[in-house]
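The following paragraphs are meant to be read beside the sequence and the model. Please keep both in view while moving from one region to the next.

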Amino acid sequence: MGEFEAIVVGAGPGGLATMAALLDTGISRILWVDRSFGGGRLNELYREISSNTKVGIYLDAIHSSATCRRIIDSTPKPNAVTRLEELNSDETCQLELAGDMAMMLINGILEIQGVEKLVDRVEEVHYNKELWKMKASGCSSSSSSSLKQASAPQLHLCTGSQPIHSDLHAQYNHNLIVLDLDECLRASHLPSLLPPDSHSTIAVIGNSHSGILVCRNLYELATFSPSALTSTSSTAPSSISDSSTLPSISESNTSPSTPISTPDSGSGSGSGSPTLTRQLSILNFRRRPNKYAEYRQDGIIWDNTGLKGSTAEWAKINLDNEVESESRPETHTDTGKIEPVLRQVDLGDNESSIYAEHLPKCTHIIYAIGYESSPLPALYLGPPSASRRIDQDIEFDMHSSGFTCDLKDGNENVRVKGLFGAGIAFPEQVKDPQGHVEAAVGLAKFFKFTQRVKGDWAKVG
Ligand SMILES: Cc1cc2nc3c(=O)[nH]c(=O)nc-3n(C[C@H](O)[C@H](O)[C@H](O)COP(=O)(O)OP(=O)(O)OC[C@H]3O[C@@H](n4cnc5c(N)ncnc54)[C@H](O)[C@@H]3O)c2cc1C
């Protein structure tokens with residue numbers, strides 16, 4: 001069995017920040033385990049999404065770690081970090097640039113002596129006699145068997161989160177097709193998820209960052225289809241003959257979209273012209289008005305839950321009435337009705353009556369109702385003969401990064417020794433300058449948290 005000072009599960013942004021902080025404290029014999037080492041969801045799923053973090057904030061975060069500074073200094077230039085440095089530090093960027101930066105640092109850390117890499121899934125971990133003993137699934141044939149069963153006094157869970165699913169729609173319309181949030185966040189995946197030649201009415205539940213991003217992707221698909229430029233389908237429901245009127249779909253496109261051609265809008269109707277719209281109606285159901293981050297001298301209000309970057313600009317223009325309602329694009333339903341392409345619906349005090357009114361008319365639904373912790377490895381406390389499974393009973397302390405557990409033996413909320421968390425599933429709790437309490441989420445926030453608590457980690461061992 002391999003013996004280490006720490007085992008870190010997960011190599012997304014949370015695992016990266018944790019590894020950097022551990023190495024900064026001098027803990028160097030570390031087993032780092034991840035199913036894929038692809039940089040977590042940020043790099044594996046969300047590269048094409050616009051970042052809500054400013055470039056300068058990423059750069060400050062990674063430079064807060066001495067380990068990362070050494071990797072940056074020793075990596076041949078140009079590299080992923082110098083590419084970010086060339087950008088305006090006060091602007092946001094595509095997440096692919098942040099993903100490349102994370103991968104450069106992950107690969108740099110894996111080169112450090114003492115760090116062992118295991119590409120595998122951690123299935124269970126047992127704590128006994130001051131050591132966490134880990135078993136991996138063994139799905140990776142490349143790793144040595146000593147790594148698949150390793151032990152360390154510290155176990156760091158950086159296992160990430162996944163979108164919350166729901167079947168709320170079933171009672172209103174069980175025929176609705178549920179579209180996966182992660183797919184819909186990627187504009188390039190959307191065209192294949194929706195029928196090209198019939199009208200779809202799509203319910204998007206939730207108006208946080210993910211919900212608004214999905215609305216934007218759908219809206220841009222409805223109002224301008226890039227693939228249509230090469231399409232010569234004669235079944236095209238509408239067309240624009242003058243390409244100079246095409247709205248830009250670049251990241252920086254935050255201006256009101258050019259009025260869109262609909263079947264009857266008359267902006268070029270020659271048959272055989274390229275298809276330029278998808279027939280979509282988008283209904284975004286919300287419990288509260290759209291919330292925007294506000295940059296102030298003393299900090300950022302709603303830093304973690306407010307809309308930011310180009311998504312915020314798009315929402316201000318297209319949802320919060322910076323476009324006159326008469327110039328908003330409209331679409332034709334299959335029954336010939338004309339309705340707005342995009343509309344937000346307030347759920348108010350009687351959500352069920354609103355859903356009952358609208359969901360029967362919808363064809364698809366996307367739940368953007370938050371994220372929940374990805375399944376944890378099975379965690380056990382105590383000697384093999386009397387061990388107790390605790391992963392369902394642990395509670396994360398958003399200030400210390402440790403965990404407590406109610407052992408149901410009269411000693412409530414006992415501290416679980418040597419168990420720590422970081423990343424989106426285990427974030428720090430922060431207060432913004434107006435006193436709003438939020439979970440601090442994003443690569444830079446994970447660095448801030450782990451750098452603050454790393455001194456406590458160094459005491460375990
Ligand atoms: C729409 C959207 C926009 C975003 N914008 C930004 C942004 O602008 N800036 C920013 O910093 N972040 C942004 N994020 C957030 C970012 O994607 C996540 O915060 C980040 O990926 C979370 O990192 P993590 O390491 O906590 O989890 P993950 O990225 O999910 O990584 C967890 C890792 O753990 C591994 N793992 C889990 N369980 C096991 C196991 N049992 N054994 C082995 N490996 C395991 C997984 O394979 C994965 O690689 C955005 C997210 C969304 C949805």
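**A walk through the model**

Pro 153 lies in the loop between strand E9 (149-152) and strand E10 (154-157), where strands, like helices, are DSSP runs numbered from the N terminus, a helix being a run of H or I of at least four residues and a strand a run of E of at least two. The model is a predicted one, in which local features need pLDDT of at least 70 and side-chain atom pairs count only at pLDDT 80 or more, while totals for chains, interfaces and linings use all residues. Residues are numbered from 1 along each chain as its sequence is written.

With 17 C-beta neighbours inside 10 Å, Pro 153 counts as partly exposed; on this scale a residue is buried if 20 or more other C-beta atoms, placed from the backbone, lie within 10 Å of its own, exposed if 12 or fewer, and partly exposed in between. Leaving aside neighbours within four places in sequence, Pro 153 is in contact with Glu 130, Leu 131, Gly 418, Val 460 and Gly 461, a contact requiring that the C-beta atoms of two residues, placed from the backbone, lie within 7 Å. The C-alpha atoms of Pro 153 and Lys 133 are separated by 8.8 Å, although these residues are 20 apart along the chain.

Is Lys 129 buried or exposed? Lys 129 is exposed, with 7 other C-beta atoms within 10 Å, and Glu 130, with 11 such neighbours, counts as exposed as well.

Of its 461 residues, 42% count as buried, and residues 24 or more positions apart account for 73% of the contacts with a separation of 6 or more.

The ligand comes next. Of the 38 residues around the ligand, those that come nearest are Gly 10, Gly 12, Gly 40, Gly 160 and Gly 423; a residue is near a molecule if its C-beta atom, placed from the backbone, lies within 6 Å of it. The elements that give two or more residues to this shell are helix H1 (13-25), strand E3 (30-34), helix H2 (40-44), strand E4 (50-54), helix H6 (95-110) and helix H9 (209-223). At least three residues of the shell come from each of domain 1 (2-162 + 372-458) and domain 2 (165-369), with bounds taken from an automatic or database domain assignment. By class, the shell has 18 nonpolar, 16 polar and 4 charged residues, where Ala, Val, Leu, Ile, Met, Phe, Trp, Tyr, Cys and Pro count as nonpolar, Asp, Glu, Lys and Arg as charged, and the others, Gly among them, as polar.

Asp 34 is found in E3 and is buried, with 24 other C-beta atoms within 10 Å. Not counting residues up to four places away in sequence, Asp 34 touches Gly 10, Ala 11, Gly 15 and Val 119; Gly 15 is 19 residues from Asp 34 in sequence and 9.2 Å away, C-alpha to C-alpha. Ser 50, in E4, is buried with 20 other C-beta atoms within 10 Å, and its C-alpha lies 9.9 Å from that of Leu 97, 47 residues away in sequence.

Helix H4 (residues 66-74) packs with H6 at an angle of about 100°, with the axes 10 Å apart; the axes are lines fitted to C-alpha atoms over the stretch in contact, and angles run from 0 to 180 degrees between N-to-C directions. That makes H4 roughly perpendicular to H6, since angles of 65 to 115 degrees are classed in this way, those under 35 as roughly parallel, those over 145 as roughly antiparallel and the rest as oblique. Thr 67, Cys 68 and Ile 71 in H4 meet Leu 105, Gly 108 and Ile 109 in H6, a set that divides into 4 nonpolar, 2 polar and no charged residues. In the loop between H4 and helix H5 (80-85) lies Pro 78, joined to Lys 77 by a cis peptide bond with omega about 0°.
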